[in-house]
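Let us read a structure together, one feature at a time. Keep the sequence and the model in view.

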Amino acid sequence: MKKLVSKKTMRERRAKKSRHHIKLLGVERDTARLSLHRSGKHIYAQVIAPVGGSVLVSASSLELRKDNVTLTKSEKSKKVAEILAERIKNAEILSLACDRSGFKYHGRVAALVSTLRENGVNV
């Protein structure tokens with residue numbers, strides 16, 4: 001009988017694979033890591049230092065609440081990317097390795113990463 005695997009388990013497997021791939025490339029020593037997380041309503045992004053694992057800059061769609069503007073989830077992702085790109089430039093971070101945390105590269109995740117690239121961040 002075939003064993004059922006939950007969505008969460010599959011996402012965790014994908015996350016391990018992508019983090020292992022980043023390690024194999026040797027990117028972690030030179031490049032900061034862009035860690036993404038999304039929930040049903042919000043998206044969170046943080047840039048983690050290559051050594052020590054401290055958070056350098058972060059942004060989330062929770063910051064957009066104060067504007068009282070109704071946006072779709074993809075529009076929220078684009079706004080978060082614009083905010084994050086500005087903070088990355090101010091922190092003078094040169095390049096990032098994208099850690100999607102197991103989320104597939106489409107929808108909100110793709111919108112965030114592509115908007116970062118449009119704003120001049122090397123992802």
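**Strands, core and pocket**

Q: Where does Ala45 sit relative to β3?
A: Ala45 stands opposite Ala59 in β3. Strands here are DSSP runs of E with at least two residues, helices are runs of H or I with at least four, and both are numbered from the N terminus. This is a predicted model, where local features need pLDDT of at least 70, side-chain atom pairs count only at pLDDT 80 or more, and totals for chains, interfaces and linings use all residues. Residues are numbered from 1 along each chain as its sequence is written, and side-chain values use heavy atoms, with hydrogens and water left out.

Q: How many bridges join β2 and β3, and in which sense do they pair?
A: Two strands pair if DSSP finds at least two bridges between them. β2 and β3 (residues 55-60) are antiparallel, with five bridges. Their hairpin has six residues between the strands, and Gly52 takes a positive phi near 100° there.

Q: How do β1 and β2 pair?
A: β1 (residues 32-38) and β2 (residues 43-48) are antiparallel too, over six bridges. Arg33 stands opposite Ile48 in β2. Four residues lie between the two strands of this hairpin.

Q: Which residues touch the most other members of the largest nonpolar core?
A: In soluble globular proteins, nonpolar side chains tend to be buried together. A nonpolar core is a set of buried (under 20% relative accessible area, 1.4 Å probe, protein chains only) Ala, Val, Leu, Ile, Met, Phe, Trp, Tyr and Cys residues joined through side-chain atoms within 4.5 Å. Here the largest core has 23 residues, and Leu34, Val47, Leu84, Ile88, Leu96, Leu112 and Leu116 touch the most other members. β1, β2, β3, α3 (73-90) and α4 (108-118) each supply at least two residues. α3 gives the most, with five.

Q: What does Leu84 touch?
A: Contact means heavy atoms within 4.5 Å. Leaving out residues up to four places away in sequence, Leu84 touches Leu34, Ala45, Val57, Ser58, Ala59 and Leu116.

Q: Which residues line the largest pocket?
A: A pocket is an open set of points on a 1 Å grid over the protein atoms alone, where a 1.4 Å probe fits, with protein on both sides within 12 Å along at least five of seven lines; lining residues have an atom within 4 Å of a point. The lining is Lys7, Met10, Arg11, Arg14, Arg38, Phe103, Lys104 and His106. Helix α1 (residues 7-24) gives the most, with four residues.

Terms used: Buried < 20%, exposed > 50% of the residue type's maximum accessible area, 1.4 Å probe, protein only.
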